[in-house]
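Subject: The structure I promised you

Hi,

Here is the structure we talked about, ready for you to open in your viewer.

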Amino acid sequence: MDPAVDLAQLAAEIRACQRCPLAHTRTHAVPGEGPADAALMFIGEAPGYYEDRQGRPFVGASGRLLERLLAGIGLTREDVFITNVVKCRPPGNRDPLPEEIEACRPWLSRQIAWIDPLVIVTLGRFSMAQFFPASARITRIHGQPLWQERRAILPLFHPAAALRNPRWMEAMEADFAQIPDLLARVQARRSDSSSPQQLSLF
Ligand code: SF4
């Protein structure tokens with residue numbers, strides 16, 4: 001079984017998806033891109049105008065910021081998997097509706113299951129809401145990882161929000177700087193839990 005082939009097959013299914021009305025207004029669905037064994041996965045909100053045109057996630061100003069922040073921790077966008085909660089652009093870049101998020105959720109779940117990343121970085125509140133309680137506020141919890149059994153979820157501001165607000169940009173840069181340490185910690189936890197138990201003879 002080749003995870004890259006399965007992920008490509010999943011992307012083909014997403015491109016043909018008709019599960020919600022956004023299928024009628026999109027130019028291209030945007031399944032996401034990156035290695036099938038990426039240790040780090042970014043989840044944004046929904047494709048915007050340029051993403052919809054090109055069928056690729058995070059192109060334009062937000063994508064450039066993401067690339068700059070990745071370079072700061074020694075990574076490129078080719079090293080990470082980048083996707084969105086909703087795979088098709090909501091008209092006029094409006095917020096995705098709850099029923100659209102719900103219809104699209106199985107695609108994201110399958111991507112996470114295939115890639116099995118060490119760290120998921122949520123970008124913005126819609127992505128954060130997939131993992132954190134409804135009462136969570138991004139302004140309060142950004143940069144504070146949530147530990148799950150196999151990975152850590154790190155909530156960050158959306159790059160578009162950081163581009164609008166210098167204070168959030170500063171917070172985003174500081175939060176981003178935690179990523180290498182978080183990756184190492186999750187990797188260590190997985191290694192510990194997979195090492196064979198020491199057998200006692202007495
Ligand atoms: S947004 Fe998701 S559920 Fe709706 S059509 Fe696109 S891929 Fe399918």
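Predicted model: local features only at pLDDT ≥ 70, side-chain atom pairs only at ≥ 80, totals over all residues.

**Helix 9**

With that cut-off, Pro166, Arg167, Glu170 and Ala174 are exposed on one side of helix 9. The buried residues of this helix are Trp168, Met172, Asp175 and Phe176. Viewed along the axis of helix 9, these buried residues fall within an arc of 95°, so they line one face of the helix. Their cover includes helix 4, strand 5, helix 8 and helix 10 (179-194).

**Helix 4**

Helix 4 spans residues 61-72, twelve in all, and reaches 17 Å from its first C-alpha to its last, close to the 16 Å expected at 1.5 Å a residue. Which of its residues are buried? They are Ser62, Leu66, Leu69 and Leu70. Looking down the axis of helix 4, one finds its buried residues within an arc of 105°, so they too line one face of their helix.

On the face turned away from the buried side, helix 4 carries the exposed residues Arg68, Ala71 and Gly72. Arg64 also sits in helix 4; this arginine counts as partly exposed because it has 13 C-beta neighbours inside 10 Å. From Arg64 to Arg77 is 13 residues in sequence and 9.9 Å in space, C-alpha to C-alpha. Just after helix 4 comes Gly74, with a positive phi of about 80°.

Five strands form an open sheet in the order 2-1-3-5-4, with mixed pairing. Its edge strands are strand 2 (81-84) and strand 4 (146-147), each of which pairs on one side only.

Strand 3 (residues 119-123) pairs with strand 5 (residues 152-156) in the parallel sense, over five bridges. In this pairing Val119 stands opposite Ala152, and Thr122 stands opposite Pro155. Strand 1 (residues 40-44) also runs parallel to strand 3, joined to it by four bridges, and here Leu40 stands opposite Val119.

How many of the residues of strand 3 are buried? Five of its five are, leaving the strand mostly covered. Val119, Val121 and Leu123 point one way from the strand, while Ile120 and Thr122 point the other way.

**The ligand**

Last, the ligand: 15 residues surround it, and the closest are Cys17, Arg19, Cys20, Cys88 and Cys104. The residues of this shell divide into eleven nonpolar, one polar and three charged. Helix 2 (22-25) and helix 5 (98-115) each supply at least two of the shell residues. Which element gives the most to the shell? That is helix 5, with four residues.

Best wishes

Definitions and conventions: Residues numbered from 1 in each chain as written. Expected span 1.5 Å × (residues − 1). Buried ≥ 20, exposed ≤ 12 C-beta atoms within 10 Å, placed from the backbone. Arc of directions from axis to C-beta. Near = placed C-beta within 6 Å. Nonpolar A, V, L, I, M, F, W, Y, C, P; charged D, E, K, R; others polar. Pairing = 2+ DSSP bridges. Contact = placed C-beta atoms within 7 Å.
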